[in-house]
Amino acid sequence: MDPLTRKGESSSIPLVSGDLKTILKNIRFADDAKIASQIHEQTSAVHARMAGIKRKILVMSGKGGVGKSTVTAHLATALAALGNRVGVLDVDFNGPCLPKLLGLNGRSLAFRADGATPIEGPLGMKIASLDFLLKHGSPTRWNGPMELSPVWLGTLEYTVLRELLADILWGELDWWLADLPPGAAADKPPALMSFIPDLDGAVMVTTPSAIALDVVRRSVAYARDSGIRPLGLVVNMAGKTCSHCGHVENIFEGGNLSAERLENIAGELGIPLLAAVPFDPAVGAGPEHGKIPAPFSEIAAKLAGLLEGSQAS
């Protein structure tokens, strides 16, 4: 077999001898496209963009369909209603829905020489989403190299995430929330942690269903393993209140929805219960008019107290 010769060198590395690790260790690859320097510059830009933001929080879950984006939209609105300057990043690139929840469908980001201006949402919130870069009504999934290899999609999304963080002009904010894709999209939490080392933590969202609760346990462990602090649990769709008699009925199998049981679930995860949010069409419709259901005001107050306490200590 012909040896593999490094360009510009007289020596060669024979492929027929030595193990793969030794071969790879001795090969030096030229970065002609300056990719490493570009990534370094963009990462530095991310740090600069995020420097003016006091609190940075992820909203995540181990399972899709638990209402994570709805929780993000209402929580952001509740924080803004307290007089905070709030920004929200929609990290779901294949199914962004925050613009619709906040009544911002069909809007587009405005670009300046120094970056892109977020869309202004209810109560002055700053919103950024890939949906604002797409032609209205067009599919969101990119079908190029994905047809050949799923690796390209992950690489592309990682690059888009880094560029969004580097290019969006967030300015000075009190709170910044990132709505992660369904199932937490395993690569996104550690990617965000690498871009934003001063991340405050993550709000974990689940429903009372046995399946969702089982998955969120793994998500809490995964967040901790990724260096992300789980801040608390939001149990969404926690029963439906009868409009006639006021009785709260469980819409999932798995027993009662007593406050004690929900507190025990959060206790098993080692995190506080932030709120149990009942199933309500008004909640699912989104907070585009600035209406804030009571549980989200409760969550906002608890998060503020939790993080202010940790800062003081």
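Let me begin with helix α8, residues 259–269, where Arg261, Leu262, Ile265, Ala266 and Leu269 are buried. Buried here means under 20% relative accessible area, and exposed over 50%, with partly exposed in between (1.4 Å probe, protein chains only). Seen down the axis of α8, these buried residues fall within an arc of 135°, so they line one face of the helix; the arc is that of the directions from the helix axis to the C-beta atoms. On the other side of α8, Ala259, Glu260, Gly267 and Glu268 are exposed.

This is a predicted model, in which local features need pLDDT of at least 70 and side-chain atom pairs count only at pLDDT 80 or more, while totals for chains, interfaces and linings use all residues. Residues are numbered from 1 along each chain as its sequence is written, and side-chain values use heavy atoms, with hydrogens and water left out. Helices (H or I, at least four residues) and strands (E, at least two) are DSSP runs, numbered from the N terminus.

What covers the buried residues of α8? The cover includes α7 (210–225), β11 (230–241) and β13 (273–279), contact meaning heavy atoms within 4.5 Å. Just after α8, glycine 270 takes a positive phi of about 75°.

I turn now to the strands. Strand β4 (residues 86–90) pairs with β8 (residues 126–129) in the parallel sense over four bridges; pairing requires that DSSP find at least two bridges between two strands. Lysine 126 in β8 is the bridge partner of glycine 87, and glutamate 120 also stands opposite lysine 126. Strands β7 (residues 119–120) and β8 run antiparallel, joined by two bridges.
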